[in-house]
Amino acid sequence: PAARAQRRDHRGVERRVVRRSQAYFPAADGVRLFRRAWMPPSPRVALAVVHGFAEHSGRYDHVGAWFSTRDFAVHAYDHRGHGRSDGARGHVESFGQLLDDLEAFLDVVRREHPELSVVLLGHSMGGLLTASLLAERKPDLLGAVVIGPPLELGSGVSRMRLRMARALRRIAPLMRLRAGLDASDLSRDPEVVKAYEGDPLVFKRASASLAAELLDAVGRTGQAGMHVQIPTLLMHGEADRICPPRGTRNFHSQLRG
């Protein structure tokens, strides 16, 4: 339609203008959470993006721009303790806090687009949050996309390590632990790895509380696929060395269709 704002790149290819914005919104307990948006002139669906562990929404600018040029109103936010959101770096008191924050974020998206259906897209830890929200809280969504989620504990997580994380959560929840992520496992593209390693908003240590809460959520959510009630697309790279693909296959096998 002529009413849509459009432009042409240097090759003469027609491209739609993407309007970017940033703001804060309050979590249920008052913590300020940072959010950003990518807006097309005439959106037809709202897309809510949930980022992964230790990173932030700014690393998804290419995702927001790509979907926005296809008429999606795209929104993303930084988890508490991540990116530009408030809260102790790499710390939460409970996994439920993260789910509460996600629900508050979805409420913001719905208020801004009351006429649009909402799709939720979660990557890595964001995929775990998305799967957990679908199974435990039954959100009102058009559908969901879950990409590379940790839905099964990796071979590097022993029972002893899990017990240790739970013990530390009780006696020293704020103790800082190494995140244990090898940046080279994030992508085959060396430029992506370089950008991650040089990003000042990416943290390298997390609290014992966050570690234990995530490990518990992996085991709990990985067996909850039968409770999902909306259309869900699951995607997982076979060569993923961080989050075992088998967990996603198992979760998918539980979906009732």
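This is a predicted model: local features need pLDDT of at least 70, side-chain atom pairs count only at pLDDT 80 or more; totals for chains, interfaces and linings use all residues.
The protein has 257 residues. Its secondary structure comprises seven helices and 11 strands. The C-alpha trace extends over about 60 × 40 × 40 Å along the principal axes. The radius of gyration is 18 Å. A compact globule of 257 residues would have a value near 18 Å, so the protein agrees with that expectation. Buried residues make up 49% of the 257. Contacts were also sorted by sequence separation. Among those between residues at least 6 apart in sequence, 74% join residues at least 24 apart.

One helix pair was examined in detail. Two packed helices are described by the angle between their axes and the distance between the axes. Helix α3 covers residues 125-137, and helix α6 covers residues 208-221. Their axes come within 10 Å. The crossing angle is roughly 50 degrees. Angles under 35 degrees count as roughly parallel and 65 to 115 as roughly perpendicular; α3 is therefore oblique to α6. The crossing of the two helices is left-handed.

The contact between α3 and α6 draws on residues from both helices. From α3 come Met125, Leu128, Ala131, Ser132 and Glu136. They meet Leu214, Ala217, Val218, Arg220 and Thr221 of α6. By residue class, the contact holds six nonpolar, two polar and two charged residues. Glu136 of α3 and Arg220 of α6 are the charged pair of entries in this list.

Technical notes. Residues are numbered from 1 along each chain as its sequence is written. Side-chain values use heavy atoms; hydrogens and water are left out. Axes are lines fitted to C-alpha atoms, for helices over the stretch in contact, and angles run from 0 to 180 degrees between N-to-C directions. Helices (H or I, at least four residues) and strands (E, at least two) are DSSP runs, numbered from the N terminus. Angles under 35 degrees count as roughly parallel, over 145 as roughly antiparallel, 65 to 115 as roughly perpendicular and the rest as oblique. A crossing is left-handed if the near helix is turned anticlockwise from the far one by less than a right angle, and right-handed if clockwise. Contact means heavy atoms within 4.5 Å. The radius of gyration is taken over C-alpha atoms; the globule rule is 2.2 Å times the number of residues to the power 0.38. Buried means under 20% relative accessible area, exposed over 50%, partly exposed in between (1.4 Å probe, protein chains only).
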